[in-house]
Amino acid sequence: MATHDLYQRPGFLLRRAHQISASIFERACADLGLTPAQYGVLRVMQDHPGIDQSSLARALAFDKVTVLRVIKGLEDRGFCQRAVSPDNRRQMAVRLTPEGKELLRLASQPVQQAYETLLSPFDAAQREQFMGLLLMLNTQLDTEARASFVPMASGSDPA
């Protein structure tokens with residue numbers, strides 16, 4: 001196989017697209033020091049206060065080590081806190097602090113800007129098609145993934 005053929009393979013292109021997506025996001029959120037993984041964790045915690053770490057990992061298709069590392073970093077910065085879950089003493093529940101809620105509020109515009117930049121090569125119909133194809137790929141090949149994914153219903157932002 002020639003190198004050119006490698007560059008046309010879906011895995012290479014998906015990995016490169018992920019690199020581009022992460023770079024755009026991190027540049028947009030540089031002033032906040034926020035990564036895509038941190039943002040995902042904060043958003044799930046916002047919608048599901050007191051969620052346990054295992055459920056949080058599944059909600060984002062992270063392995064338990066990765067989610068723990070992200071939570072620890074956010075906790076060290078004062079954006080979330082962990083406590084023993086009242087429902088299961090063997091699990092840790094996580095929730096946003098007021099500082100974490102403020103960080104999410106401040107991130108709203110840069111996150112939207114990153115989204116728009118990432119999809120800027122496409123017109124409206126292409127965006128819809130692209131997102132539909134990504135969803136189809138993820139849905140139909142979900143069982144092939146290394147980490148399980150259990151999407152959570154959208155919640156509301158509690159007080």
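# Helix packing and burial in a predicted chain

Ala 28 lies in helix H2. The chain contains 7 helices and 3 strands, which follow one another from the N terminus in the order α-α-α-β-α-α-β-β-α-α.

**Ala 28 and its surroundings**

- When residues up to four places away in sequence are not counted, Ala 28 touches Pro 110 and Ala 114, both of which are listed among the buried residues of helix H6.
- Ala 28 and Tyr 115 stand 87 residues apart along the chain, while their C-alpha atoms are separated by 9.7 Å.

**The chain as a whole**

- The C-alpha trace spans about 55 × 35 × 30 Å along its principal axes, and 28% of the 159 residues of the chain count as buried.
- Among contacts in the chain with a separation of 6 or more, 55% are accounted for by residues 24 or more positions apart.

**Helix H6**

- Helix H6 covers residues 98-119, and its 22 residues should span 32 Å at 1.5 Å a residue, which agrees with the 32 Å that separates its end C-alpha atoms.
- Val 111, which lies in helix H6, counts as buried because its relative accessibility of 14% is under 20%.
- Leaving aside its neighbours within four places in sequence, Val 111 is in contact with Phe 25, Cys 29 and Tyr 39.
- Val 111 and Arg 146 are 35 residues apart in sequence, and from C-alpha to C-alpha they are 27 Å apart in space.

**Helix H3 against helix H5**

- Helix H3 (residues 36-47) packs with helix H5 (residues 64-76) at an angle of about 80 degrees, and the axes of the two helices are 10 Å apart.
- That angle makes H3 roughly perpendicular to H5, because angles of 65 to 115 degrees are counted in this way.
- On the H3 side the contact involves Ala 37, Gln 38, Val 41, Leu 42 and Met 45, and on the H5 side these meet Val 67, Val 70, Ile 71 and Leu 74.
- Sorted by class, the residues in the contact of H3 with H5 comprise 8 nonpolar, 1 polar and no charged residues.

**Helix H4 against helix H5**

- The axes of H4 and H5 come within 9 Å of each other and cross at roughly 105 degrees, and the two helices are therefore roughly perpendicular to each other.
- In this contact Gln 53, Ser 54, Leu 56 and Ala 57 of H4 meet Lys 64, Val 67, Leu 68 and Ile 71 of H5, and the residues divide into 5 nonpolar, 2 polar and 1 charged.
- Val 67 and Ile 71 of H5 are named in the contact with H4, and they are also named in the contact with H3.

**The loop between H4 and H5**

- Ala 61 is found in the loop between helix H4 (53-60) and H5, where its phi is near 60 degrees, a positive value in a residue other than glycine.
- Ala 61 counts as partly exposed, because its relative accessibility of 32% lies between 20% and 50%.

- Thr 3 and Leu 141 are 138 residues apart in sequence, and the distance between them in space is 26 Å from C-alpha to C-alpha.

Definitions and conventions:
Residues numbered from 1 in each chain as written. Predicted model: local features only at pLDDT ≥ 70, side-chain atom pairs only at ≥ 80, totals over all residues. Heavy atoms only, no water. Axes fitted to C-alpha atoms, helices over the stretch in contact; angles between N-to-C directions. Helix = DSSP H or I, 4+ residues; strand = E, 2+ residues; numbered from the N terminus. Parallel < 35°, antiparallel > 145°, perpendicular 65-115°, else oblique. Contact = heavy atoms within 4.5 Å. Nonpolar A, V, L, I, M, F, W, Y, C, P; charged D, E, K, R; others polar. Expected span 1.5 Å × (residues − 1). Buried < 20%, exposed > 50% of the residue type's maximum accessible area, 1.4 Å probe, protein only.
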